[in-house]
Amino acid sequence: MRSRSPSPSPLVTERDDLFLDNGSRVAVIGGGPAGSLFSYFLFEMAERIGMELAVDIYEPRDFAKTGPQGCNMCGGIISESLVQLLATEGINLPSTVVQRGIDSYVLHMDVGTVRIEPTRREKRIAAVHRGAGPRGVVEPRWDSFDAHLLELAKGRGAQIHQERVEGIDRDGGKPRITTKRGTSPGYDLLVGSVGVNTGALKLFEEMGAGYRAPGTTKTYICELLLGERTIKTYFGNAMHMFLLNLPRLEFAALIPKGDYVTMVMLGTGIDKSLVDAFFSAPEVRKCFPADWSPPADSCHCSPAINISAAVKPFADRMVLIGDSGVSRLYKDGIGGAYRTAKAAARTAVFEGVAEENFRKGYLPVCRSLSMDNRIGKIVFGITSLIQKTTVLRKGLLRMTAAEQESRQRNPRMSDVLWDTFTGSAPYSDVFRRSLHPVFLGRLLYETLMGVLPAGREGGKKEDKVPFGKMGELGKIYNSGEIIVRQGDVGECMYFIQSGKVEVIRESDGKDVKLAELGQGEFFGEMALFEKGVRSATVRPLGEVRVLSVDKRLFLRKIHEDPALAFRIMQKMSRRIRELDKELGDLR
Ligand code: CMP
């Protein structure tokens, strides 16, 4: 047994050999978002307690390759909440990775079309390609999202092995890995982040530790080459959702990217006839140029997606994360990867790597995702009912259109649809809000008005011309504008994506410059922590692009995961130290 480092983690394990220590070796099978984020957080947390680890990531694919060889088969949407959480963690998505910043959703139904814009008109959803782009791309212009995260993990110290794992076994309790090159020595921890589209899950099931892979269903994804100009004209920066009354189709989406539009269909037994029926629907046809027809040879796949959680995704020295453990139902799969990866890393570093540690530290996060998915099934059941009932579809459309037209402060239907389609809030939250008497009363009223002959026509808001550069998230401010005004109530904080700002304190009619902040820094956090007003004014110095993080999301996530605030506290502590020094110098 190894002796423990002088700065040990606070252990809870009953067997004192089942913890990570200085020099411990960790194997991560699968270098997608779950594996990369796990490694990233593992290094970060270990560093906080002065522990040095060695992490090997096994990933046979090269995400820098185009087509199936580099792809991770997914619609490629990074949800609004995940974009904000990653920014809070210090992970910003560059415009080389973000193919399009999404600022709105257009909902298409047979009874009409409505655009839903969030109250904060800002691009906080990222459309990305998981690999370097679909089959047929000659010169990739964008970087792969998965490659970007893997690089972050590599930057922290992970070793990448471009090898397929063919076997897993244990040597004296420590998991070993077999690839074509041979068998590794025992690892202190083995992490499975292989998704649900691989035979590697069998290897974990055969370990005999009780693991059973998650239940899945098939989806259909297809890449349509339309070119930047056509996409800008026809799709803008909006994600297009379809609630059509087509048998077997649950819902479908068109996601504009750089040169491609990704089409995602969810339903049962999606086959060629259903895909053809979708493309022939008038609501879909009007999204494309009149002379366009779906190409016969476009890059497409039918990957499995999770519909239920894995059984016992952990054992001594072993944990399964991301889709291999539990995912969010239909939406925000990468958000599920983030949550499970972080919870597993936190458990491994601060608690231990025994089965009991994962049961106490990791299982609750999986359970909370599973519970929420159960409510998600009810939410999608209601959506299905609306899809099949014309009067309800009309009522929903009328209510949403009325809210969007009047730019209501509390647009209940728009918020419920936004959060259901973007996966930005837990399903339990969406469900609770949709049971509110005002929501139900309004829906009933609009449904009845739609049935009565004199009823107002459902909204048909047209797409607006998109703003800003397509691959950039956040919002642009220019000199002369004010981002944050001293004395105002603060509802969000900001992360600078590009450019600079100045922080000014107004006192006795005079402006005192407190600081200049640049790319990667943040401001506006004080009002969130103190429940107070803005302590200073923040103005752009030239063009600046900032991404906001909502107070509600930020505070809710900190309750779930206090470590989220660590980076911010570190920075605030540094600011106090600098101020103390200046005060000392003045005296
Ligand atoms: P908040 O008070 O919400 O809004 C104004 C912001 O200015 C504040 O949060 C901080 O983010 C920032 N700020 C205030 N004082 C300083 C300082 N001395 N150095 C850097 N930033 C500051």
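Biologist: Which strands make up the open sheet of three strands, and in what order do they lie?

Modeller: In general, the strands of a sheet pair through backbone hydrogen bonds, either parallel or antiparallel. Here the order of the three-strand open sheet is S3-S7-S4, and its pairing is antiparallel; strands are DSSP runs of E with at least two residues, helices are runs of H or I with at least four residues, and both are numbered from the N terminus. Two strands count as paired if DSSP finds at least two bridges between them. Because strand S3 (77–78) and strand S4 (100–102) each have a single partner strand, they stand at the edges, and one side of each is left without a neighbour in the sheet. S3 and strand S7 (residues 125–127) are joined by two bridges and run antiparallel, with Ala127 in S7 as the bridge partner of Ile77.

Biologist: Before we go on, what kind of model is this, and how are its residues and atoms treated?

Modeller: This is a predicted model, in which local features need pLDDT of at least 70 and side-chain atom pairs count only at pLDDT 80 or more, whereas totals for chains, interfaces and linings use all residues. Residues are numbered from 1 along each chain as its sequence is written, and side-chain values use heavy atoms, with hydrogens and water left out.

Biologist: How many strands form the sheet that contains S8 and S19, and which strands are at its edges?

Modeller: Six strands form this open sheet, in the order S8-S2-S1-S12-S20-S19, and the pairing is mixed. Strand S8 (159–161) and strand S19 (314–315) are the edge strands, each pairing on one side only. Within the sheet, five bridges link strand S1 (residues 25–29) with strand S2 (residues 54–58) in the parallel sense, and Val26 faces Val55 of S2.

Biologist: Which strands pair with S13?

Modeller: Strand S13 (residues 216–225) runs antiparallel to strand S18 (residues 304–306), to which three bridges join it, and Lys218 has Ala304 in S18 as its bridge partner.

Biologist: How should I read a pocket, and which residues are closest to the centre of the second largest pocket?

Modeller: On a 1 Å grid over the protein atoms alone, a pocket is an open set of points with protein on both sides within 12 Å along at least five of seven lines, a cavity is a set where a 1.4 Å probe fits but cannot get out, and lining residues have an atom within 4 Å of a point. Grid points are joined across faces, edges and corners, and a volume is the space filled by probe spheres set on the points. The second largest pocket holds about 1000 Å³ of space; 28 residues line it, and Thr119, Asp415, Asp419, Asp550 and Arg552 are the closest to its centre. The largest share of its lining, six residues, comes from H12, and helices supplying at least two residues each include helix H2 (80–88) and helix H12 (412–422). By class, the lining has eight nonpolar, five polar and 15 charged residues, where Ala, Val, Leu, Ile, Met, Phe, Trp, Tyr, Cys and Pro count as nonpolar, Asp, Glu, Lys and Arg as charged, and the others, Gly among them, as polar.

Biologist: What volume does the second largest cavity have, and which helix gives the largest share of its lining?

Modeller: The second largest cavity has a volume of about 40 Å³, and H2 gives the largest share of its lining, three residues. Its lining includes Val83, Asn92 and Gln497, and the classes are seven nonpolar, two polar and no charged residues.
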